[in-house]
Amino acid sequence: MIQSEKNMQTDQNIEKTTVVIIGAGVSGLTLATFLNKSGIPCIVLERRDRAYVQMRQRAGVVEARAVQMFERWGLAEQLLSGLVAQTIDYRLNGISRTFTVIGEEGSDGRFCTQQILVNNLLKELIDVKGGEVRFEVTNVTIRNEENEQPQVTYSDAKGFHTINCHYIVGCDGDRGISRASIPAGILTKYSHEFGYAWLAALVETPLRGHPIMGISDHGCVCQLPRGPQRSRYYLQCALSDGPEHWSDERLWNEIRLRLGDDTVENAVVHDKLLFHSTGIDAGSTKTIIPFRFISKRGSLCFGV
């Protein structure tokens with residue numbers, strides 16, 4: 001376990017570490033795991049509790065290049081285990097085309113969802129390696145001024161804390177405190193609006209075969225595993241739609257229509273959410289340049 005140096009001054013907890021990472025998502029936990037394995041002290045700050053981080057639904061999978069990265073670090077078996085798949089059923093207007101994810105240079109592609117990866121990262125970093133992830137923090141403030149020691153302050157149930165460090169890494173998305181701390185005039189933002197959003201529905205039915213990516217004249221639909229008995233459907237929808245516009249009946253009718261499969265049966269729907277994810281808004285793509293802001297004493301890096 002890597003320990004940080006601690007000094008107590010009056011009622012304030014003053015600490016020193018090498019890297020402070022803000023955000024316990026895929027990027028933040030992956031970096032923290034790599035740093036821990038390299039013997040570099042770091043602390044991860046996360047505003048939510050661990051249960052929320054573990055249960056939060058995330059879009060995206062681990063593609064071949066990321067598999068190679070984890071393999072180089074000797075962590076692929078620990079982090080990419082669980083409900084993974086290497087075959088995807090692509091549907092084009094109901095016609096199935098099954099493809100196997102093939103890696104590059106001998107590495108297998110793995111259809112491992114981000115939710116599974118985050119859970120495995122938490123177990124490896126905290127439970128196995130004893131890494132420092134501090135949940136339920138509030139009032140996070142970044143100080144990254146020229147000619148001054150980079151510093152992060154935050155509050156939690158135990159009081160007010162200050163961490164002096166060499167590097168601050170912001171992995172809390174484009175609406176997080178890290179992005180907001182960059183001075184005006186440093187960042188250039190490029191965006192493209194696609195004109196649609198995504199409805200995500202968690203349902204009590206497992207995959208009947210492989211994960212599905214469906215494209216049809218009626219809109220896109222995907223089905224991805226979310227545990228042994230559940231899966232999540234993603235349906236392309238209008239930007240103006242809300243969950244209230246999607247009754248269970250409409251949901252299942254659209255799934256059957258877009259998959260071209262009348263055998264899909266209705267099942268219990270646990271939740272319905274509209275995608276407005278951090279980093280990428282519903283129906284839009286954003287690029288922020290530069291990805292790293294460097295002062296004379298430290299740096300603020302972004303990984304969203």
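This is a predicted model: local features need pLDDT of at least 70, side-chain atom pairs count only at pLDDT 80 or more; totals for chains, interfaces and linings use all residues.

Q: Which residues of α3 are buried?

A: In α3, the buried residues are A64, A66, V67, Q68 and F70. They pack against α1, α4 and α5.

Q: How many helices and strands does the protein chain have?

A: The protein chain contains 7 helices and 20 strands. Of its 304 residues, 49% count as buried. Contacts can also be sorted by separation along the chain. Among the contacts with a separation of 6 or more, 68% are between residues 24 or more positions apart.

Q: How should I read a nonpolar core, and how many residues does the largest one have?

A: The general idea is that nonpolar side chains tend to be buried together in soluble globular proteins. Here the largest nonpolar core has 31 residues. Those with the most contacts inside this core are I21, L29, V62, F70, L80, L117 and V133. At least two residues of the core come from each of β3 (19-22), α1 (26-37), β4 (42-45), α3 (64-72), α4 (76-79) and α5 (114-128). The element that gives the most is α5, with 7 residues. Another core, of 17 residues, lies apart from this one and includes V203, I212, Y233 and W246.

Q: How is the packing of two helices described, and at what angle do α1 and α5 pack?

A: Two packed helices are described by the angle between their axes and the distance between the axes. For α1 and α5, the angle is about 35° and the axes are 10 Å apart. The crossing in which α1 passes α5 is left-handed. On the side of α1, the contact is made by V26, L29, T30, A32, T33 and N36. On the side of α5, it is made by Q114, L117, V118, L121, L122, E124 and L125. Sorted by class, the contact of α1 with α5 has 8 nonpolar, 4 polar and 1 charged residues.

Q: How should I read a salt bridge, and how many are counted?

A: Side chains of opposite charge can pair when their charged atoms come close. The count in this model comes to 10 salt bridges. One of them joins R91 and D89, with the closest N and O atoms 2.8 Å apart. Both R91 and D89 are buried.

Q: Which residues are linked with E132 in a network of salt bridges?

A: E132 is linked with E15 and R134 in such a network. The side chains of E132 and R134 meet at 2.6 Å, N to O.

Q: Why does E132 count as buried?

A: The cut-off for buried is under 20% relative accessible area. E132 counts as buried because its relative accessibility is 12%. R134 has a relative accessible area of 15%, so R134 is buried too.

Q: Where in the chain do D271 and R232 lie?

A: D271 is in strand β17 (residues 269-274) and R232 is in strand β16 (residues 231-237). The pair links distant parts of the chain, 39 residues apart. Their side chains meet in a salt bridge of 3.1 Å, N to O.

Q: Are D271 and R232 buried or partly exposed?

A: D271 is partly exposed, since its relative accessible area is 24%. R232, at 1% relative accessibility, counts as buried.

How values were computed. Residues are numbered from 1 along each chain as its sequence is written. Side-chain values use heavy atoms; hydrogens and water are left out. A nonpolar core is a set of buried Ala, Val, Leu, Ile, Met, Phe, Trp, Tyr and Cys residues joined through side-chain atoms within 4.5 Å. Buried means under 20% relative accessible area, exposed over 50%, partly exposed in between (1.4 Å probe, protein chains only). Helices (H or I, at least four residues) and strands (E, at least two) are DSSP runs, numbered from the N terminus. A salt bridge is a side-chain nitrogen of Lys or Arg within 4 Å of a carboxyl oxygen of Asp or Glu. Axes are lines fitted to C-alpha atoms, for helices over the stretch in contact, and angles run from 0 to 180 degrees between N-to-C directions. A crossing is left-handed if the near helix is turned anticlockwise from the far one by less than a right angle, and right-handed if clockwise. Contact means heavy atoms within 4.5 Å. Ala, Val, Leu, Ile, Met, Phe, Trp, Tyr, Cys and Pro count as nonpolar, Asp, Glu, Lys and Arg as charged, and the others, Gly among them, as polar.
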